[in-house]
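Trainee: I would like to learn how to read a structure like this one, feature by feature. Could we look at the model together?

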Number of protein chains: 2
Amino acid sequence: MPHISLRDDLPGISAGFAFRPETAKPMRELAHVLLHEPNSLTPGERELIATYVSSQNDCYFCQTSHGAAAACHLDNQETVKRVKTDFQSAPISSKLKALLAIAGKVQRGGKDVTSADIAEARKHGATDFEIHDTVLIAAAFCMYNRYVDGLDTWQPRDESMYAEMGRHLAEHGYTKPSR
Amino acid sequence: MPHISLRDDLPGISAGFAFRPETAKPMRELAHVLLHEPNSLTPGERELIATYVSSQNDCYFCQTSHGAAAACHLDNQETVKRVKTDFQSAPISSKLKALLAIAGKVQRGGKDVTSADIAEARKHGATDFEIHDTVLIAAAFCMYNRYVDGLDTWQPRDESMYAEMGRHLAEHGYTKPSR
């Protein structure tokens, strides 16, 4: 049972969004810019960052829905799993590994990010823009994850539902409700 | 020195906002709805929640600027200080104390919020809407704080600058840059 009266046919963040459309609008728009609009980081890379941070925050709904979106972009479910359990051994670029390390630091606390973390990302070709967006994706998922779990939203365990949601998000992004 | 190339005349989050106006827009809008638009929680109460979470996250820029906004709304600097150090002994309502307890749980992690925390807030008159906004203010400041510190933005120690910023925020809200 969610902590407040939410629609019981909407899973996870969708129920919070339906409860308060005024805050849903900018929250959707921020996710859309960060994860879906054109960027030198691919949508798959950005969804992996979102998935990794959500798994570090232990948010089932967010790590599963964004994991499904990442798998859809990458056409690869195994890489998503490996990023969550041990990204250093995952078949991804050295640049993305360095950005995931930064995202992991942001998840624990902004001050944990060091100049050495940034230098490592730059060494592998990360731009200021990519470092900025990595920091902000990680920070934003510290918000989305806490919103979803802090309201104790309904988070069904039906994998096919998340696969469908992932396909919808990968295709259409975040500005409109999926239903 | 910030981790990326930011304008050196803008403090804290303003420098990140200037670097990436596309993400600044929804981030400003979310803060404006949560902290400034009409609500059954007063702007002073909402700024106290933002200040408390920012102090728990040890973000100097956010706790000082929102603390100044709260002090301006409440016309009381001492209450702001007491909320940061020991809100249970602060001269605020029992409802706000119960909401601050929820905000503190969200700051640590969404799953830390218990049904007992929610029942306590309801006992003191908190509505579902107020509980929702408290959870989201706390979650959102876990983003803003990580963004400000994760980029290692310039956070001057000039108290009069924050007092001026607080007055501007209290009066005009968050949708437009203060300079």
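Mentor: Let us begin with charge pairs: the structure holds 22 salt bridges over all chains, where a salt bridge is a side-chain nitrogen of Lys or Arg within 4 Å of a carboxyl oxygen of Asp or Glu. Please keep in mind that this is a predicted model, in which local features need pLDDT of at least 70 and side-chain atom pairs count only at pLDDT 80 or more, while totals for chains, interfaces and linings use all residues. Residues are numbered from 1 along each chain as its sequence is written, chains are lettered from A and ligands numbered from 1 in the order in which they are written, and side-chain values use heavy atoms, with hydrogens and water left out.

Trainee: Which residue forms a salt bridge with B:Asp9?

Mentor: The general idea is that side chains of opposite charge can pair when their charged atoms come close. Here the partner of B:Asp9 is B:Arg7, and their closest N and O atoms are 2.8 Å apart. To describe the surroundings we use relative accessible area, calling a residue buried under 20%, exposed over 50% and partly exposed in between (1.4 Å probe, protein chains only). By that rule B:Asp9 is partly exposed at 37%, and B:Arg7 is partly exposed at 49%.

Trainee: Is B:Arg20, which pairs with B:Glu22, buried or exposed?

Mentor: B:Arg20 is buried, with a relative accessible area of 5%, whereas B:Glu22 is partly exposed at 41%. The closest N and O atoms of this salt bridge lie 3.2 Å apart. In another pair, B:Arg122 and B:Asp128 meet through their side chains at 2.7 Å, N to O; B:Arg122 is partly exposed at 38%, and B:Asp128 counts as buried at 19%.

Trainee: How many salt bridges cross the interface of chain B and chain A?

Mentor: The rule finds eight across that interface. One of them joins the side chains of B:Arg20 and A:Asp133, at 2.7 Å from N to O. There is also a network of salt bridges that links A:Arg20, A:Glu22 and B:Asp133.

Trainee: How many residues does each chain give to the contact?

Mentor: A contact means heavy atoms within 4.5 Å, and here it takes 45 residues from chain B and 45 residues from chain A. Another way to describe an interface is buried area, the accessible area (1.4 Å probe) that two parts lose on being put together, summed over both. Between chain B and chain A this is about 3,700 Å², with carbon and sulfur atoms giving 65% of it. In chain B, the residues that lose the most area to chain A are B:His3, B:His132 and B:Arg146, together 19% of what that side buries.

Trainee: How many residue pairs are in polar contact across the interface, and which element gives the largest share of the side of chain B?

Mentor: A polar contact is a pair of N or O atoms within 3.5 Å; within protein, one must be able to donate a hydrogen and the other to accept it, and residues adjacent in sequence count only if both atoms are side-chain atoms. The rule finds 20 such residue pairs across the interface of chain B and chain A, both residues being at pLDDT 80 or more. As for elements, helices (H or I, at least four residues) and strands (E, at least two) are DSSP runs, numbered from the N terminus. The largest share of the side of chain B that touches chain A comes from α8(B), with 15 residues.

Trainee: What does A:Glu130 touch?

Mentor: A:Glu130 is found in helix α8 (residues 128-150) of chain A, and is buried at 3% relative accessible area. Not counting residues up to four places away in sequence, A:Glu130 touches A:Ser40, A:Leu41, A:Lys95, A:Leu99 and A:Gly125. With A:Lys95 there is a polar contact between the two side chains, at 3.2 Å.

Trainee: Where does B:Asp75 lie?

Mentor: B:Asp75 lies in the loop between α4 (60-74) and α5 (77-86) of chain B, and is exposed at 71%. Most residues other than glycine have a negative phi. B:Asp75, although not a glycine, has a positive phi of about 50°.
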